[in-house]
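Please examine the structure shown here alongside the report below.

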Amino acid sequence: MICVALLSLLVWLYLVFAHGRFWTSTPELPPIAPTELPDVDIIIPARDEAQTIGPVIASLLAQDYAGAFRITLVDDNSTDGTATRAGTAPNLTVLTGQPKPEGWSGKLWALSQGIAASSARVLLFTDADIVHDPRHLSSLVARLQQPRMDMVSEMVRLNCVSFAERALVPTFVYFFQMLYPFSRVNDPRSSVAAAAGGTVLIRREALERIGGIATIRNALIDDVTLAKAVKTSGRGSGAAIYLGHSGLAASVRPYPGWRDLWDMIARTAFTQLRYSTLLLLLTLAGLALVWLVPAWGIVFGNGWARAAGLAAFSLAALSYLPTLARYRQNALWALALPLIASFYMAATLGSALNYWLGRGARWKNRAYGS
C-alpha cells in the first residue's frame with residue numbers, strides 16, 4: 001500500500017508542478033478591438049434547437065464588430081421548428097440541410113454545407129446553444145491577429161445551476177484542462193493540440209491547408225481533431241493555435257439531472273479511447289491511482305501511506321480551487337473529488353458497455369455522429 005500511495009503522490013507532484021500549470025484555469029480572452037476588420041462568416045449547425053436558437057441568433061446579430069459579418073444557420077433536419085425560431089435579418093441565412101452522405105458525422109456535414117455557402121477569409125464555428133456578449137466577435141478576431149494565429153478557440157462558460165451541474169460541470173472543465181493543458185496547446189513548440197467546439201474562429205487558408213473540413217468528416221471529437229490537424233499542418237511555417245476560457249460567451253444548454261450529465265460524458269468517452277479495451281483498462285487504473293488511492297490512504301492507511309495519501313489529496317484539492325472559483329462554486333466541493341471522479345469513471349465504463357452492447361450513444365434523437 002505504501003508504494004501505491006507514494007506513486008500516487010509522485011503523479012500529483014508531476015501534475016501540479018510539471019504539467020503545464022493546467023490547474024490555473026487560464027488564460028481568458030479579454031474584450032479587445034481588432035486592428036484589422038476582415039469579413040467573417042459565422043456558421044451554426046443546428047438540430048432540434050428551438051429552445052435556444054432565438055437568443056443565440058439575437059446575440060450574434062448584436063455583435064459590435066465593425067467589419068462585415070454574415071450568419072449562416074444550417075438546419076440539420078430539425079423537427080421542432082428551429083429554423084422558424086431563428087427569425088430573420090439581412091445578414092442571416094437559413095440553409096436546409098441536405099441528406100448526409102455515408103462516412104460523415106452529422107455536425108461536420110452541416111458545417112461543410114455552411115462552409116460551402118461562405119466566402120469570407122475568416123470563419124466562426126459556434127454551437128446553437130452558445131450566447132455571445134456583443135464584444136465577443138471583435139475580441140476573437142483581435143486574438144487571431146496579435147500574435148498571428150491560425151485558429152482561436154474558447155471553452156465557453158457552461159451552465160452551472162442545478163445541484164448535478166454544480167457537482168460535475170466544473171470538474172468536466174478541470175479534467176479537460178488536465179487532459180489538454182492550455183499553455184501547451186498555445187505553445188507552437190508543443191505537440192499538444194485541442195479546441196472547444198462551442199467557439200472556433202479559423203482562417204480559411206488554414207482550413208484549406210488541411211484539405212478542408214472533409215478531412216475530418218467522420219471525427220466525433222471534431223474540435224480536438226480539427227485543432228490537431230491545423231497545428232500539425234502548419235508546424236513548419238510557425239502557425240499557432242489558441243485555446244482559452246471565455247468570459248464573453250456562455251452555454252445555455254441545461255443539464256438538470258445526473259442522468260443528463262451521465263449521457264453527456266458517456267456519449268464520447270469510449271470514442272476518445274478509440275474504442276480500445278486496453279486503453280479503457282489503463283484509463284480506469286490511472287484514474288483510480290490519481291483519485292481513489294489518496295482517499296483510500298487517508299482512511300485506511302497508516303504511517304507513510306496515510307501521509308502520502310494526505311499530501312496527494314491536498315495537492316488535488318488545491319489544484320481544483322481555481323476552476324471552482326471560475327464557476328463561483330464553494331471550495332468545499334474539492335473535498336468531493338474522489339466521489340465525482342468515481343461518477344466519471346462509471347460513466348466512462350458505461351460508454352464502453354453501450355458500445356459493446358451495440359446501443360451506441362444518441363444525440364438529438366439519432367445515433368451520435370450520424
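The sections below describe selected features of this predicted model.

Most residues other than glycine have a negative phi, and most peptide bonds are trans. Several sites in this model depart from that pattern, and they are described in turn.

The loop between helix H1 (2-18) and strand S1 (28-29) contains proline 27. The peptide bond that leads from threonine 26 to proline 27 is cis, and its omega is near 0°. Serine 25 also lies in the loop between H1 and S1. Although serine 25 is not a glycine, its phi is positive, near 55°. Serine 25 is classed as buried because its relative accessible area of 2% falls under the 20% cut-off.

A cis peptide bond is also present between glutamine 146 and proline 147, with omega about -15°. Proline 147 is placed in the loop that runs between helix H5 (136-145) and strand S7 (151-157).

Arginine 274 is a residue other than glycine with a positive phi, about 55°. The loop between helix H10 (258-272) and helix H11 (277-300) holds arginine 274. Is arginine 274 buried or exposed? Arginine 274 is exposed, because its relative accessible area of 63% is over the 50% cut-off.

The largest cavity has a volume of about 70 Å³. Its lining includes the nonpolar residues Leu108, Leu111, Phe125, Val200, Ile213, Ile216 and Leu226, together with Lys107, Gly197, Asp222 and Asp223. Helix H4 (106-116) and helix H9 (222-233) are the elements that give two or more residues to this lining.

Helix H13 covers residues 337-356. With 20 residues, H13 reaches 29 Å from its first C-alpha to its last, which is close to the 28 Å expected at 1.5 Å a residue. Glycine 358 follows H13 and has a positive phi, near 75°.

Tryptophan 356 belongs to H13. Tryptophan 356 counts as partly exposed because its relative accessible area is 41%, a value between the cut-offs of 20% and 50%. Which residues make the nonpolar surface patch of about 580 Å²? The patch is made by Trp356 together with Tyr275, Leu349, Leu353, Tyr355 and Leu357.

How values were computed. Residues numbered from 1 in each chain as written. Predicted model: local features only at pLDDT ≥ 70, side-chain atom pairs only at ≥ 80, totals over all residues. Heavy atoms only, no water. Patch = residues over 30% accessible without salt bridge, like charges linked within 9 Å, V, L, I, M, F, W, Y side chains within 5 Å. Areas by Shrake-Rupley, 256 points an atom, 1.4 Å probe, with all protein chains shown as cover. Salt bridge = Lys/Arg side-chain N within 4 Å of Asp/Glu carboxyl O. Helix = DSSP H or I, 4+ residues; strand = E, 2+ residues; numbered from the N terminus. Buried < 20%, exposed > 50% of the residue type's maximum accessible area, 1.4 Å probe, protein only. Expected span 1.5 Å × (residues − 1). 1 Å grid on protein atoms, 1.4 Å probe; cavity = no way out; pocket = protein on both sides within 12 Å on 5 of 7 lines; lining within 4 Å. Points joined across faces, edges and corners; volume = space filled by probe spheres on them.
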